[in-house]
Amino acid sequence: MARNGGFRNRFCYTLSRMHHLVLELVNLGLSEKEATVYLALLELSPAAVQDVAAKAGVNRTTTYLLVDALMKRGIVSTTMLGKKQLFVAEPPERLLTVLRLQRRELEEKERELMAAIPLLNALHNSRKEKPQIRYFEGAEGMRTVRELLSEETGECVQIVPMEDI
């Protein structure tokens, strides 16, 4: 019986570790299924789509779509073995390159937004004399309200449900 318990503990540890890796990849921007397929490919590479689908627990047709998406991200490539197409996971270090690319793209978007803010402000009716009624929801809405209230001067009325107080 002790041997079964040891196997079960190792199995649970492996599942927990795999789940952690899936979450890390999702945090990088992959979908859960993309992450699962990439991890399967890391173990199997090079591999046929049927083998990847079986290892990842995803149907074969969906696996083709997921592998295509991963290829566009640059973390999966293909090779031919005779007439058979096999898929290969790029080394995990390639994920750093993907992350750096995402950072550059985000920085570029921020620069573009900063350039557009003066134009957006010109369109925004910023007259403070008239009353403003605005609705915000959720945690992000509460953060926005706190930020707006910290910038305001003068009288301000805030209406919130009793259960939120």
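Let's start with Glu 43 and Lys 55. Their side chains meet in a salt bridge, 3.0 Å from N to O. The term here means a side-chain nitrogen of Lys or Arg within 4 Å of a carboxyl oxygen of Asp or Glu. Glu 43 lies in helix α2 and Lys 55 in helix α3, residues 49–56, so the pair ties together parts that are twelve residues apart in sequence. Helices are DSSP runs of H or I, at least four residues; strands are runs of E, at least two; both are numbered from the N terminus. Glu 43 is partly exposed, at 48% relative accessible area. Lys 55 is partly exposed as well, at 44%. The cut-offs: buried is under 20% relative accessible area, exposed is over 50%, partly exposed is in between, with a 1.4 Å probe and protein chains only.

A word on the source. This is a predicted model, where local features need pLDDT of at least 70 and side-chain atom pairs count only at pLDDT 80 or more, while totals for chains, interfaces and linings use all residues. Residues are numbered from 1 along each chain as its sequence is written, and side-chain values use heavy atoms, with hydrogens and water left out.

Back to the charges. By the rule I gave, the count is five salt bridges. One of them joins Arg 73 and Glu 34, at 3.6 Å, N to O. That pair links distant parts of the chain: Arg 73 sits in helix α4, residues 60–73, and Glu 34 in helix α2, residues 32–44, 39 residues apart. Arg 73 is partly exposed, at 26% relative accessibility. Glu 34 is buried, at 10%.

Next, Asp 68 and Lys 72. This salt bridge is 3.4 Å, N to O. Both residues lie in α4, four residues apart, about one turn of the helix. An α-helix has 3.6 residues a turn, so residues three or four places apart point the same way. Asp 68 is partly exposed, at 36%. Lys 72 counts as exposed, at 68%.

Now the core. The largest nonpolar core has 23 residues. By definition, that is a set of buried Ala, Val, Leu, Ile, Met, Phe, Trp, Tyr and Cys residues joined through side-chain atoms within 4.5 Å. Those with the most contacts inside this core include Leu 25, Tyr 38, Leu 41 and Val 76. α2 gives the largest share, six residues.

What does Leu 41 touch, not counting residues up to four places away in sequence? Its partners are Ala 47, Val 52, Val 67, Val 76, Phe 87, Val 88 and Ala 89. Contact means heavy atoms within 4.5 Å.

Val 76 brings us to the strands. Its bridge partner in β2 is Ala 89. Six bridges join β1, residues 76–81, to β2, and the two strands run antiparallel. Two strands pair if DSSP finds at least two bridges between them. β1 and β2 form a hairpin with two residues between them. In the turn, Gly 82 has a positive phi of about 70 degrees.

Last, helix α5. Why is 44 Å the span to expect for its 30 residues, 94–123? The expected span is 1.5 Å times one less than the number of residues. The end C-alpha atoms of α5 are 43 Å apart, which agrees. Still, α5 bends by about 40 degrees at Ile 117, and Pro 118 follows within four residues. The bend is the angle between axes fitted to the seven residues ending there and the seven starting there.
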